There are 2 protein chains.
Amino acid sequence: MPRIGMEPQRREALVRATIAEIAVSGARDVTVARIAKRAGMSPALAHHYFGSKDRMLLAAMRRILSDFGADARRAMAQAETPRARLDAIVRASFGPDNFDREVVAAWLNFYVQAHGDADTRRLLHVYHARLRSNLVHALRPLTDDPATLAEGIGALIDGLYMRQALRRTELATDRSVALVTDYIERGLAP
Amino acid sequence: MPRIGMEPQRREALVRATIAEIAVSGARDVTVARIAKRAGMSPALAHHYFGSKDRMLLAAMRRILSDFGADARRAMAQAETPRARLDAIVRASFGPDNFDREVVAAWLNFYVQAHGDADTRRLLHVYHARLRSNLVHALRPLTDDPATLAEGIGALIDGLYMRQALRRTELATDRSVALVTDYIERGLAP
DNA sequence: TGTTTTTAATTGATCCGTCAATCAATAAAC
DNA sequence: GTTTATTGATTGACGGATCAATTAAAAACA
């Protein structure tokens, strides 16, 4: 019963399913069969649209990065002062969407995959570069060594992410934001 | 040509080979065959001594943790003041051994595996608890909220680790130590 | 309008490869 | 002669990918 024009929905469903499946199985054990089942189609169809499992994984990573980028842009849009822009970046980094268990798990696996796969690493460098650029831009009027502080902030965010991924306690978000905010404040003090 | 008393050497060789193999292939693609080959024996013998692949991986993680613990203990032994103890912890965290490409890769994969496997997670919690305990103990005489600062330090260390794992530039060690040290100093300032 | 051809969607069956794990057999050491 | 060390061969399972076949919509055509 093939309806026409299914491709966008199918791709969308597969991307979502890939992210969800990574969260429950880990990227190490994710299988095309399980992804396809969750997305409500046959494994063959998944291959039809994406060509290979690696492409599915990459599409999932790309989606997460693009969602994150959209969030960050939206949050920064309303910021007037440099200080407000900084807060916007931090809040976006720890926004509820990014802290969904699924997304955190995908990020974790993202890092590991980037260690071995060139395409993924390139994708990750784009994210790093964008975050660094945003931070440096916001920090430049406030300190004379924005690069160093930006690196620390980025690393702190990443580290808090990891810890979050390994706790089952909810609502560490506020705590994480507070830690980063505090780090920034102290970093800006003379 | 079986010599007697091989078990310890074989196990040692397998643990080393597992760590090395994780570094080049990633834990996702590591195979018993490759581990055994690198360790100079047949896959069957590897199974003979470890029973399963998971046990090999777990033994590798355990080794890394125990090496790290030994380093930390050694570094802290010579520290007299709380401040010196803090520096020792940080220096141990970023000691050359821990920053070997192999070990960093293993740590990365360790985190991911902990997300899905209970045994590994337990092992990781031991590490977290020990690090936190060391930090809090050293911080207590210096601040009235040692727990929060300890959490930030731990996350910063972890985050710097991850970034290190994804760059090919050498010598970020000094930079990482400097960032953490700076974080501590600012965190201890009123 | 009715008929035919093309195209997209979809899956069941299947192939090929790989990998963890097992087992039986051999060879030395005690 | 029993125990330990060791491996080649094999098994059983699983996973990614392919392909041929089926269904229905759309387009071309009569």
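**Entry 1**

I began with B:Arg34, which is partly exposed at a relative accessible area of 38%; on the scale I use, buried means under 20% relative accessible area, exposed over 50%, and partly exposed in between, computed with a 1.4 Å probe on the protein chains only. I note at once that this is a predicted model, in which local features need pLDDT of at least 70 and side-chain atom pairs count only at pLDDT 80 or more, while totals for chains, interfaces and linings use all residues. Residues are numbered from 1 along each chain as its sequence is written, chains are lettered from A and ligands numbered from 1 in the order in which they are written, and side-chain values use heavy atoms, with hydrogens and water left out.

I then looked up the partner of B:Arg34 and found a salt bridge with B:Glu21, in which the closest N and O atoms are 3.2 Å apart; the term stands for a side-chain nitrogen of Lys or Arg within 4 Å of a carboxyl oxygen of Asp or Glu. This pair links distant parts of the chain, since B:Glu21 sits in helix H1 (residues 7-25) and B:Arg34 in helix H2 (residues 32-38) of chain B, 13 residues apart. Helices (H or I, at least four residues) and strands (E, at least two) are DSSP runs, numbered from the N terminus. B:Glu21 counts as buried, with a relative accessibility of 5%.

**Entry 2: further salt bridges**

I recorded 20 salt bridges over all chains. One of them joins B:Arg175 to A:Glu151, with 3.0 Å between the closest N and O atoms, and this pair crosses between chains, from helix H9 (residues 173-188) of chain B to helix H8 (residues 146-166) of chain A. I looked up the accessibility of both ends: B:Arg175 is partly exposed at 37%, whereas A:Glu151 is buried at 18%.

Within helix H9 of chain B I found B:Arg186 and B:Asp182 four residues apart, about one turn of the helix, and their side chains meet in a salt bridge at 3.0 Å, N to O. Both count as partly exposed, B:Arg186 with 26% relative accessibility and B:Asp182 with 32%.

**Entry 3: the surface near DNA strand C**

I listed the 23 residues around DNA strand C, of which A:Arg10, A:Ala44, B:Val32, B:His47 and B:Lys53 come nearest; a residue is near a molecule or strand if one of its heavy atoms lies within 4 Å of it. These residues divide into 13 nonpolar, six polar and four charged, where Ala, Val, Leu, Ile, Met, Phe, Trp, Tyr, Cys and Pro count as nonpolar, Asp, Glu, Lys and Arg as charged, and the others, Gly among them, as polar. Helices H1 (7-25) and H3 (43-50) of chain A, together with H2 and H3 (43-50) of chain B, each supply at least two residues of this surface, and H3 of chain A gives the most, with four.

I next looked up contacts to the phosphates.

Over residues 31-50 the chain is 75% helix and 0% strand, and the end C-alpha atoms are 14 Å apart.

**Entry 4: chain A and the relation of the copies**

I counted nine helices and zero strands in chain A, and its C-alpha atoms fill a box of roughly 65 × 35 × 30 Å, taken along the principal axes. Of the 190 residues of chain A, 52% count as buried.

I found that a rotation of 180° with 0.1 Å of shift along its axis superposes chain A on chain B with an RMSD of 0.1 Å. The two copies are thus related as by a two-fold rotation axis. Among the residues of chain A, A:Gly159 comes closest to that axis, at 1.9 Å for its C-alpha atom.

**Entry 5: B:His137**

Lastly I looked up B:His137, which lies in helix H7 (residues 118-139) of chain B and counts as partly exposed at 47% relative accessibility. Its C-alpha atom is separated by 38 Å from that of B:Lys53, 84 residues apart along the chain.

Terms used:
Least-squares fit on C-alpha atoms with pLDDT ≥ 70 in both.
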